[in-house]
Amino acid sequence: MTPTASSTESSAPTSGVFDDVVRSDSSLRRFLHGLPGVDQVGAEARAAGLATRSVKTTSKAYAIDLAIRMVDLTTLEGQDTHGKVRALAAKAMRPDPADPTCPATAAVCVYPDMVATARQTLGDSGVHVAAVATAFPSGRAAMDIKLADTRDAVEAGADEIDMVIDRGAFLSGRYLDVYEEIAQVREACNRPDGTGAHLKVIFETGELQTYDNVRRASWLAMMAGAHFIKTSTGKVQPAATLPVTLVMLEAVRDFRDQTGQMVGVKPAGGIRTTKDAIKYLVMVNETCGADWLTPDWFRFGASTLLNDLLMQRTKMTTGRYSGPDYFTLD
Amino acid sequence: MASTRIDVRKTYKLYIGGQFPRSESGRSYVVNDAKGRLLANAAQASRKDARDAVVAARAAFGGWSGRTAYNRAQVVYRIAEVLEGRREQFEAELRAAEGVSPGRARAYVDAAVDRLVWYAGWADKIAQVVGNANPVAGPYFNLSTPEPSGVIAVVAPRGPLLGLVSVVAPLIVTGNTVVVIASEQHPLTAITLGEVMATSDLPGGVVNVLTGSVAEIAPWLASHMDVNGIDLTGVADPALAAQLEVSAADNLKRVRRPAPDTDWLAEPDLDRMTRFMETKTVWHPIGV
């Protein structure tokens, strides 16, 4: 676990590089529509090609442990209780109680009203508390409500805020509205002592229709100061896919080339097996390089994935196949 | 006039989760007929195929064990019906694989169909026979009922059709789901039987058929923590059987030991059903 990057410095969003771009709605549109188009067939072929790599033995053991450390263990259900969140937090700190060498996950991800419970259970274990805010998952609420939602979560002890963008505004071309929304929520993530919660911006790529839109949304969020860009809420199908994540990874890579700032990526929803997780890790390494292969810059939003990772881990340490009976359901 | 038509040959694959995939390993092995001539190639399953089969069997278990016993009987009877309709194909396969006479092949297919019907009849009767209303010293009902164990791994005996049917049918009528390693020498009929099961309203994953080396695959199934029982009927090597039994102890699997000299034509007893069932006893607080 390296919790250093979170909850620390919060430099001004992109400090001046894009001042001209975000001056007006039309200049922002000109910039976003001027980004090179995504070759859909090419992106899907590239993602499928990277998914064929075979990762075995010691590399696989390394990948599994890394993937566990990258998991944002998530419960976002109407039926969540404080008891369930406590159980989930306990699991995040010690995913496999039978094996002390098993690393902790990066964070638990809960609704804002559960943040205090999660914070209390996690204490100073190093596992972060991430809260979804801004009227998750639809994002359909007035701006002041979204900001209050965010401040509540930060006050309750959230280290990371997962916000959703207003897809209606984005799809109808009101890019500046989306930009300002992200910038304001980022503002709301600041704490009185000068530190701030990390901001992850969820695009809900399943509703953005095209890869071009995913690329535009990525740049928009990065210019507005997102620390992380995240594919989906997990409530809409399709959720995270390899090609969508590839487009976002290319965006963060190009963004660093241009501005020197690193932005993290978090695919969420639909990643259920170790095999899938390893495909994502291969793609991160091949697209952005090893700099991104840490929990500070790449996360998985998942719940069932962790159990499959633990089963594979147990298979590698004991030499026999494990079963779902031996791990907690949530 | 010489025929110019090209032969359409069947590729024998595995039967996992209601599908017929090739082995994940891409391997196959040669299957000879009774006279040692090439009959066909069969898929040679790997440990990963076994793992996938267990996942499929586990996924199918809830739905299959949750069906009424009466409905399971109907489905198994349906397998018998479809098998009867394709008897000529099976007789031909048995003659080719084992070199038996036409009369003998017919007798084996007859017996396999009858065996399925016999077990189908047991589906909604086994609970009455091995379950019980227990007398207790208090004003309670105390009822014991048999329930399926879960996912059962089976090493099938040599009989390509009758042997296979005789080990699989008793497990599925009681609500278990099965991963069966077909006879190594005679795997082809097992895959053809998979085609029968795939078209008999049997949900995908209830029966999964692997073909290949028993010595290679069986240890993975024996040590698999998500397998609840293992039937070693077809294990010929005593050392391998002992090793499998030791591995099976890791998660307290129910084990059925090898039975090399079974006469498959004889009427079976209930043991093949009851060995892989658990007894659930319930105290019912409203008394007699």
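This report describes the two chains of a predicted model, their contact, and selected local features.

## Basis of the model

The model is predicted: local features need a pLDDT of at least 70, side-chain atom pairs count only at pLDDT 80 or more, and totals for chains, interfaces and linings use all residues. Residues are numbered from 1 along each chain as its sequence is written, while chains are lettered from A and ligands numbered from 1 in the order in which they are written.

The predictor's confidence in each residue is given as pLDDT, on a scale from 0 to 100. For chain A the average pLDDT is 93, and 95% of the residues score at least 70. Residues 1–12 of chain A have a pLDDT below 50, and this stretch has 20 contacts in the model beyond near neighbours in sequence. Two residues are in contact if their C-beta atoms, placed from the backbone, lie within 7 Å.

## Chain A as a whole

Chain A has 12 helices and 8 strands. These elements are DSSP runs numbered from the N terminus, with helices (H or I) of at least four residues and strands (E) of at least two. The C-alpha trace of chain A spans about 60 × 45 × 30 Å along its principal axes.

Of the 330 residues in chain A, 49% count as buried. A residue is buried if 20 or more other C-beta atoms lie within 10 Å of its own, exposed if 12 or fewer, and partly exposed in between, with C-beta atoms placed from the backbone. Among contacts in chain A between residues at least 6 apart in sequence, 74% join residues at least 24 apart.

## Backbone features in the loops of chain A

The loop between strand S3 (128–133) and helix H6 (143–155) of chain A contains Pro137(A). A cis peptide bond links Phe136(A) to Pro137(A), with omega about 0°. Ala135(A) is also found in the loop between S3 and H6. Although Ala135(A) is not a glycine, its phi is positive, at about 55°. Ala135(A) counts as partly exposed because it has 16 C-beta neighbours inside 10 Å.

A cis peptide bond also runs from Gln237(A) to Pro238(A), where omega is near -5°. Pro238(A) is placed in the loop between strand S6 (228–230) and helix H10 (242–259). Gln209(A), a residue other than glycine, has a positive phi near 70°. The loop that holds Gln209(A) lies between strand S5 (198–202) and helix H9 (211–223) of chain A. With 11 C-beta neighbours inside 10 Å, Gln209(A) counts as exposed.

## Chain B as a whole

Chain B has 10 helices and 10 strands. The radius of gyration of chain B is 20 Å, close to the 19 Å that the globule rule gives for 288 residues, so chain B is as compact as a globular protein of that length. Taken along the principal axes, the C-alpha atoms of chain B fill a box of roughly 85 × 40 × 35 Å.

Buried residues account for 46% of the 288 residues in chain B. Where contacts in chain B join residues at least 6 apart in sequence, 77% of them are between residues at least 24 apart.

In chain B, 3 strands form an open antiparallel sheet in the order S3-S4-S10. Its edge strands are S3 (132–133) and S10 (277–284), each of which pairs on one side only. Two strands pair if DSSP finds at least two bridges between them. Strand S4 (residues 141–148) and S10(B) run antiparallel and are joined by 8 bridges. In S10(B), Lys280(B) is the bridge partner of Thr145(B).

Val209(B) lies in strand S7 (residues 207–210) of chain B. Val209(B) counts as buried because it has 28 C-beta neighbours inside 10 Å. Leaving aside neighbours within four places in sequence, Val209(B) is in contact with residues including Leu14(B), Tyr15(B), Val180(B) and Ile191(B). From Val209(B) to Arg87(B) the separation is 122 residues in sequence and 20 Å in space, C-alpha to C-alpha.

## Where the chains meet

The contact between the chains takes 7 residues from chain A and 7 residues from chain B. On the side of chain B that touches chain A, there are 2 nonpolar, 2 polar and 3 charged residues. In this classification, Ala, Val, Leu, Ile, Met, Phe, Trp, Tyr, Cys and Pro count as nonpolar, Asp, Glu, Lys and Arg as charged, and the others, Gly among them, as polar.

Notes:
The radius of gyration is taken over C-alpha atoms; the globule rule is 2.2 Å times the number of residues to the power 0.38.
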